[in-house]
Amino acid sequence: AGSFQEAGVIQHAYELNFPLHVVPASCAQCPAWSAFSVSSPAVVLEAVKQASPWGKAGQAEDRSDALVVRLYEAHGSTVDAWLQTSFPVQEAMLCDLLEQPAAQGRLPLEPQGVRLSFTPFRVLSVLLVLRH
């Protein structure tokens, strides 16, 4: 009922195409844990991957301490959303599709996470440098 946004079509499509896999826990009272969460249903976290090992000049560079998170706005709206993670993030910055940090793309780390601003159907890539 209602618009595709109100009906949760995108969420239901992901649930159909990517069903959850149940893994037995090692203890009955294990605490709940989530690697990432996004505060807006209009924003889809599409991919999480280790950052590319290639530097700007094509030189190999150790990026085992960094993740790239790719998100997009799926409702055709302008929205601010908070990206939260359980990983120990030292630094967050916007990056391009080649995973190079954007000029003045540093994002402040706040208690709520990292604030991201989306325009309709915008794709954002965020480089998260992890603490050792």
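Two strands are said to pair if DSSP finds at least two bridges between them. Helices (H or I, at least four residues) and strands (E, at least two) are DSSP runs, numbered from the N terminus. The model here is a predicted one, in which local features need pLDDT of at least 70 and side-chain atom pairs count only at pLDDT 80 or more, while totals for chains, interfaces and linings use all residues. Residues are numbered from 1 along each chain as its sequence is written, and side-chain values use heavy atoms, with hydrogens and water left out.

We can start with the five-stranded sheet. Its strands line up in the order β2-β3-β8-β5-β6, the sheet is open, and the pairing is antiparallel. At the edges sit β2 (43–50) and β6 (101–107), each of which pairs on one side only. On average, neighbouring strands of this sheet are turned by 30 degrees against each other, direction ignored; for such angles, axes are lines fitted to C-alpha atoms (for helices over the stretch in contact), and the angles run from 0 to 180 degrees between N-to-C directions.

Now for the strand pairs within that sheet. Strand β3 (residues 66–73) is joined to strand β8 (residues 123–130) by seven bridges, and the two run antiparallel. Along this pair, Leu 67 has Leu 128 in β8 as its bridge partner, and Arg 70 stands opposite Ser 125 in β8. β8 also pairs with β5, again in the antiparallel sense, over six bridges. Here Met 93 has Leu 127 in β8 as its bridge partner, and Cys 95 stands opposite Ser 125 in β8. On to β6: three bridges join β5 to β6, which run antiparallel, and Cys 95 finds its bridge partner in Pro 101 of β6. β5 and β6 make a hairpin with five residues between them, and Glu 99 in the turn has a positive phi of about 70 degrees.

How enclosed are these strands? Burial is judged by relative accessible area: buried means under 20%, exposed over 50%, and partly exposed in between (1.4 Å probe, protein chains only). Seven of the eight residues of β8 are buried, so β8 is largely enclosed by the rest of the structure. Strand β5 (residues 89–95) is largely enclosed too, because five of its seven residues are buried.

A second open sheet has three strands in the order β1-β4-β7, with antiparallel pairing. Its edge strands are β1 and β7, each pairing on one side only, and the twist averages 25 degrees from one strand to the next. Three bridges hold the antiparallel pair of β1 and β4, with Leu 83 in β4 as the bridge partner of Val 38. Ser 39 has its place in the loop between β1 and β2. With 46% relative accessibility, Ser 39 counts as partly exposed. Between Ser 39 and Ala 1 lie 23 Å in space, C-alpha to C-alpha, and the two are 38 residues apart in sequence.

Next comes the nonpolar core, meaning a set of buried Ala, Val, Leu, Ile, Met, Phe, Trp, Tyr and Cys residues joined through side-chain atoms within 4.5 Å. The largest such core has 19 residues, and those with the most contacts inside it are Leu 71, Leu 116, Phe 118, Val 126 and Leu 128. At least two residues of this core come from each of β3, β4 (79–85), β5, β7 (114–118) and β8. β8 gives the most, with four residues.

Last, the open space. A pocket, on a 1 Å grid over the protein atoms alone, is an open set of points where a 1.4 Å probe fits, with protein on both sides within 12 Å along at least five of seven lines; lining residues have an atom within 4 Å of a point. The largest pocket has a volume of about 730 Å³, the space filled by probe spheres set on grid points joined across faces, edges and corners. Of its 23 lining residues, the closest to the centre are Gln 11, Tyr 14, Val 44, Leu 45 and Glu 46. α2 gives the most to this lining, with five residues.
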